[in-house]
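Me: I would like to go through this model with you. Please start with the terms.

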Amino acid sequence: ERREFVVALMASLLKFGAATHLVENLMVSVAEALHIHSQCSAFPKMLFLTFRSPDRDPSKLQSRVLNLGKLDSCDRLASHVAAKQVTFEEAKGELNRILMEEPEYHWAVRLFMFVILGSMATTLFYGGNEVDGSLAAVLGLMVGLFDIYAAVDDTFSRVCGFVSAFLCAFISRLVHTYILPDSTCYFSIALGPIVYLLPGLSATVGVMEVASGSVMSGTSRIFAALISFLQLGFGLVVGSRIAVWDPIHESDWCSSDRTHLEKLVLLLPAIFALGVLNKIPPTRHFLAAMASACVGFFVS
């Protein structure tokens, strides 16, 4: 029973976004605290534990779901168990509560956050104007629907990035060419709605893992992030180039000069939307994440 608890706890840490080298370190501490002799080797979707029966397959994890709220809860639980601050029965009950906990935000709220993020990212990061932001909000709604569907359909999740980028680029091209040629910026409309799909966190965690010595896991994360980047880029290129009768010109790139106050007004809703989409609970951690993101944006 203790072994099953350790497996469930470590699998939850991986599932909700923890770096594999941290999971391996916590595994050793938790196992020692529970008087279990074991070794752990963690990969993004695989967890090898030596105390399991030899006739059983390694514990295959479900698809990784980035959930910073549950990740924080699992991390604190593992630390409490390792420090012998809770009993095994209490820890087991707490883990079951974490796993069975309802989503922090309703799917409709997440969908609205895609709308906000698409609009804010277009005007803040890619130099779009108010018209571009409005159009990007509509495309953000489409990307949000795709993302929600990808969470329940593993097959579609593999092409969600390409399909989203392709449609955003193609629709943006048509709008810019035939509907609002003088008041829209093609690139800003196409890029803003897919900001959430960029695998920046995976690439960052992968670099951390390689630097910490977990070369295999880190390399796999970096390569997976690279594939995601290529998928998005390929979708954007195909979506824009499919309109062969309307070649892209240098003037299609856009830029805008905004004051720091205007950037802050646009940045705060974008950060808030990202926090909700990454399932950060509405606690002090949310405010800390927003503050650090603001500092990072203006410093860069």
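Reply: Contact means heavy atoms within 4.5 Å. Helices (H or I, at least four residues) and strands (E, at least two) are DSSP runs, numbered from the N terminus. The model is predicted: local features need pLDDT of at least 70 and side-chain atom pairs count only at pLDDT 80 or more, while totals for chains, interfaces and linings use all residues. Residues are numbered from 1 along each chain as its sequence is written, and side-chain values use heavy atoms, leaving out hydrogens and water.

Me: Which residues of α11 are buried?

Reply: Buried means under 20% relative accessible area, exposed over 50%, and partly exposed in between (1.4 Å probe, protein chains only). In α11 the buried residues are Ser-217, Gly-218, Arg-221, Ala-225, Leu-232, Gly-235, Leu-236, Gly-239 and Ser-240.

Me: And what covers them?

Reply: The cover includes α2 (20–33), β1, α8, α9 and α10 (200–211).

Me: Turning to α2, how far does it reach from its first C-alpha to its last?

Reply: Helix α2 has 14 residues and reaches 20 Å, close to the 20 Å expected. Its buried residues include His-21, Val-23, Leu-26, Met-27 and Val-30. The buried residues of α2 pack against α1 (2–15), β1, β2, α3 (68–82), α10 and α11. Just after α2, His-35 takes a positive phi of about 60°.

Me: How many bridges join β1 to β2?

Reply: Four bridges join β1 (residues 40–43) to β2, and the two strands run antiparallel; strands pair if DSSP finds at least two bridges between them. Ser-41 has Phe-48 in β2 as its bridge partner.

Me: Next, the largest nonpolar core. Which residues touch the most other members?

Reply: A nonpolar core is a set of buried Ala, Val, Leu, Ile, Met, Phe, Trp, Tyr and Cys residues joined through side-chain atoms within 4.5 Å. Val-143, Ile-194 and Leu-236 touch the most other members of the largest one, which has 37 residues. Elements giving two or more residues to this core include α5 (107–125), α6 (130–150) and α8 (160–179), and α12 gives the most, with seven. A second, separate core of 29 residues includes Val-23, Leu-49, Ala-78 and Leu-95.

Me: What is Ile-194 in contact with?

Reply: Apart from neighbours within four places in sequence, Ile-194 is in contact with Val-143, Ser-164, Ala-165, Cys-168 and Leu-236.

Me: How many disulfides does a search of the whole structure find?

Reply: The search finds zero, a disulfide being a pair of cysteine sulfur atoms within 2.5 Å. Cys-168 counts as buried at 0% relative accessibility, and Cys-74 is buried with a relative accessible area of 0%.

Me: Is Thr-123 buried or exposed?

Reply: Thr-123, in helix α5, is buried, with a relative accessible area of 8%. A polar atom of its side chain lies 3.1 Å from the backbone oxygen of Met-120. Not counting residues up to four places away in sequence, Thr-123 touches Gly-128, Asn-129, Gly-133, Arg-258 and Leu-266.

Terms used. A polar contact is a pair of N or O atoms within 3.5 Å; within protein, one must be able to donate a hydrogen and the other to accept it, and residues adjacent in sequence count only if both atoms are side-chain atoms. The expected span of a helix is 1.5 Å times one less than its number of residues.
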